[in-house]
Structure formats: C-alpha cells, structure tokens
Amino acid sequence: MEEKFVNAAVNCRKAGIDGVELHAAHGYLLSAFLSPYTNHRTDRYGGTPENRRRIVTEIIAGIRGACGAYPICVRMNADDFVEGGITPESAVETAKILEAAGADALNVSCGVYESAPDMIEPNYYEEGWRKELGRRIRANVSIPVISVNTIKYPQTAERLLEEGCCDFAGVARGQMADPEWVNKAKAGREDLIRKCMGCMECNKSVVLDGCLSCAANPVTGRGTMYGEEFLIRNGNGRTVAVLGGGPAGMQAALVLAKRGFRVVLLEKAEALGGLARLAALPPHKTMVSILRESGVRLLPNHTLTGVREGEIVMARTGGGEAVLASDDVVLAAGRRPDPRLYEEMAAAFDRVVSVGECAAVGGILEATRSANDNVWFLLA
Ligand SMILES: Cc1cc2nc3c(=O)[nH]c(=O)nc-3n(C[C@H](O)[C@H](O)[C@H](O)COP(=O)(O)OP(=O)(O)OC[C@H]3O[C@@H](n4cnc5c(N)ncnc54)[C@H](O)[C@@H]3O)c2cc1C
Ligand SMILES: Cc1cc2nc3c(=O)[nH]c(=O)nc-3n(C[C@H](O)[C@H](O)[C@H](O)COP(=O)(O)O)c2cc1C
Ligand code: SF4
C-alpha cells in the first residue's frame, strides 16, 4: 500500500505536477490510521501514537527517496470531533512528527464522516470558526500551514492571515461558486464575487450524482457546455425585459447581457434576490454589482401590471406608471405568476421564456440552472 502512494507521487512528478498532497484527513485511509477512533490494530501500525503515525511517515520517506526535493504536503485533521478521535493536543504532536519526517507543508482540516458538518460546513457555521485549530498547529511547526475556515469573504482570509491562524488561507467552495474568487479578491472587487451560500448542494450533487453542481453558479461542473467561450453573442442590442429579480431572473439577465442583448430587469420589491432574500442568503447582494457591471438596467420598485403590443406596463412603488418597449420577454416572477398576465404576454410578444420557479418548483440551484440553460440559446 505504501508503495502505491509512492508510485502515485512518482507519476505526478513525471506528469509535471508541482507537488503532492497526502490525504490524511476526514477519516479516509491514512486518517483512519492516525486516529485512535478507527485504528484498533495491534501490530506496529497501531496501538501507540507513534505506531499510528508510522504509515504516513514511511510514505513521506518513500516519496522523498523516490522523488528527491519534491514538495510534499499532508492534509491532516486537527480534531476529529468524535469521542476517542484525534484531539487538538494529539494533532500538534502529529504535526511535529510529520514535519520531522520531511513534510514541506501541512493542510489543516477537521471532522470525519460521523461529524460531517464540521468537515464541510452548512451555512449556519460562522466564517473562521475553526481558526484556533490552525493557529495551534502553526505555533508548533516551522513549515507553512494551510487551513480552510468556512471563508466566504476575502477580508476574512486576510484577517486569519494577520491573526497568525495560517500561512495560506484555503478556500474550497468559495472557488466552486466563483472560480475567479482569487482574481477578484486580488483586484479589490469583493463585490463581484459570487459568494458561496453554504447550501450544500455541491456536496449533495457529488454524493448523489457523482458530478459537481453549485446553486450560486450554474456553470460550475458544466464548463465544457456553458463556459463563456461557448456563448453565442448574437443579442445584437435587442431589448429583453426580464420580469422578476429572483435568482432565476438575475441569472437570465446576466447571460442575456453577455450575449449582447439590452437587458432591463424589473422587480416589484425594492431589492433584488426574490425568495432567496427571505432565506437570508447572500448572493443577491453580489449579483447587483455583477449585473450593473454587465450593463443590465435594474428597475427595482417596478411591478409588472399589464401588457400591450410589444410593451410592458409597470406600476412604480410610491405612485405612477412606466412603460417599457421590449422585443422579447423572460418571465422570472417566481411561484404563482398571475396566469392572466402570462396569457396577455404570450399574445403581445413573439417570444416569452419562463424560467425558475415560474416554470417549475424547486430550489435556488434549479432556478439559476433553468434560467442559465433556457436563455443560453433561446431568443436569438
Ligand atoms: C423562507 C424560504 C427559505 C428558502 N430556503 C432555501 C434554501 O435554503 N435553499 C434553496 O435552494 N432554496 C430555498 N428556498 C427556495 C428559493 O428561494 C426559490 O427556489 C428561489 O428563490 C426561486 O427563484 P426564482 O427566481 O424562480 O423565483 P423568486 O425567488 O420567487 O423570484 C421572483 C421575483 O419576481 C418578483 N415578481 C413577482 N411578480 C412580479 C411582478 N408582477 N412585477 C415585478 N416583479 C415581480 C418577486 O418580487 C421576486 O423577487 C427558500 C424559500 C423560502 C421562501
Ligand atoms: C463537493 C465537495 C467535495 C470535496 N472533496 C474533497 C476531497 O476530495 N478531499 C478533501 O480533502 N476535501 C474535500 N472537500 C472539503 C474541502 O476541501 C474543504 O475542506 C471544505 O469544503 C471546507 O472548506 P470551504 O468552507 O472553503 O469549502 C470537498 C468539499 C466539497 C464541498
Ligand atoms: S452549492 Fe455552491 S453555494 Fe452551495 S455550498 Fe456548494 S459551493 Fe456553496
């Protein structure tokens, strides 16, 4: 088994990969050796802390011998969060031994499947909640420490670095929700980062479907189909009215703007976000910046009240009426849209596309995905 780990590292090196990380966290194989919770062996690979760490130190030595000066990082748990498992105290000792064995960096995590929410945290965990685990390991080794910490905002990553909790702030789901997370942070454009909501749809999709999906970003895991390089930019300045500023309407507006349509997004509430606002989820705030940056004209406090030939009629909150001439319409008004309006709209416009909960009941993932996919090709 050790040989297989070493051979994998040799192959990585041959393939030009910059370094390897041994996964010794989260209850997986090497972690199961390290933890007294799972390691009940009585041979030289179990029984004492030294024996439990042996397999990892031997693999490090094997890789070093086969690959020479090749970066080896070890992902390890600083707490299993189960009775009888790895504790912060025992993790510090493990960290010191891994450093002495030749590890170049440590990637500190926590939790096993029995304590799963501590491993991949749902939205009720606070950013930085596990910072003391990383800080404690870092204080006891001299190699760099990477640590994930439920980081949503670049400011949190900066704070953790400043507080000495890690040398590298790890961001996993943040980059699933927005692969440009780091570039936007670097450019000081936190407002453009599509934030991870901690909704766990990604985890569910990986476990149930074997592929990755993200509720905040319908392109995640589907870049070979919906990557921007495949977008057909044939809007040619035609006007599209997107009716409703929930997750579906916002996603539809964004794709249409990128395709070169002149997009007007109207929303009866004073803020965008739709039902996701009720769920107190954050992406709508970010989406306002993204939509503005993409040239979408936002009309909050405008309620769709009627339709005329090629025109949308809106009531302004606070009084007055407005009329918008539009070539096409995207209906994203959420659950139970007024059926009368829909019939009138279908008669008044050549093309009406329904997206989100207007078309089918679901959650945010389904809403953003249906919006993305439906306006990707339609309305050309
Ligand atoms: C309390 C609560 C918690 C939830 N929690 C979750 C969760 O944790 N995870 C999850 O995936 N989903 C959750 N959902 C469901 C999720 O919010 C919806 O699936 C999603 O918002 C649907 O998006 P949508 O854009 O299709 O519709 P909506 O979000 O309903 O957006 C429709 C928008 O259209 C606007 N509109 C309607 N009529 C008009 C009109 N005549 N003129 C102008 N504007 C109009 C509305 O004001 C609204 O902003 C929750 C829902 C609620 C209510
Ligand atoms: C869909 C998904 C798959 C993951 N797969 C792995 C994995 O294969 N190996 C691993 O060490 N961690 C994995 N993780 C955990 C992340 O690396 C990270 O520790 C965790 O998501 C917490 O960090 P975050 O709040 O920045 O997302 C996965 C997380 C998610 C959401
Ligand atoms: S599905 Fe996307 S938004 Fe939801 S937790 Fe996963 S990465 Fe975050």
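I kept to the numbering from 1 along each chain as its sequence is written, with chains lettered from A and ligands numbered from 1 in the order in which they are written. Because the model is predicted, local features need pLDDT of at least 70 and side-chain atom pairs count only at pLDDT 80 or more, whereas totals for chains, interfaces and linings use all residues.

**Sheet.** I found five strands in an open sheet, ordered E1-E2-E3-E4-E5 with parallel pairing; strands (E, at least two residues) and helices (H or I, at least four) are DSSP runs numbered from the N terminus, and two strands pair if DSSP finds at least two bridges between them. Strands E1 (20–24) and E5 (168–170) are at the edges with a single partner strand each, so one side of each has no neighbour in the sheet. I noted that E1 is joined to E2 (residues 72–77) by five bridges, and that valine 20 stands opposite isoleucine 72 in E2.

**Ligand 2.** I then looked up the 19 residues around ligand 2, of which Val148, Ala172, Arg173, Cys202 and Val206 come nearest; a residue is near a molecule if its C-beta atom, placed from the backbone, lies within 6 Å of it. Helices H8 (173–177) and H10 (201–209) each supply at least two residues of this shell, and H10 gives the largest share, three residues. By class I recorded nine nonpolar, seven polar and three charged residues, where Ala, Val, Leu, Ile, Met, Phe, Trp, Tyr, Cys and Pro count as nonpolar, Asp, Glu, Lys and Arg as charged, and the others, Gly among them, as polar.
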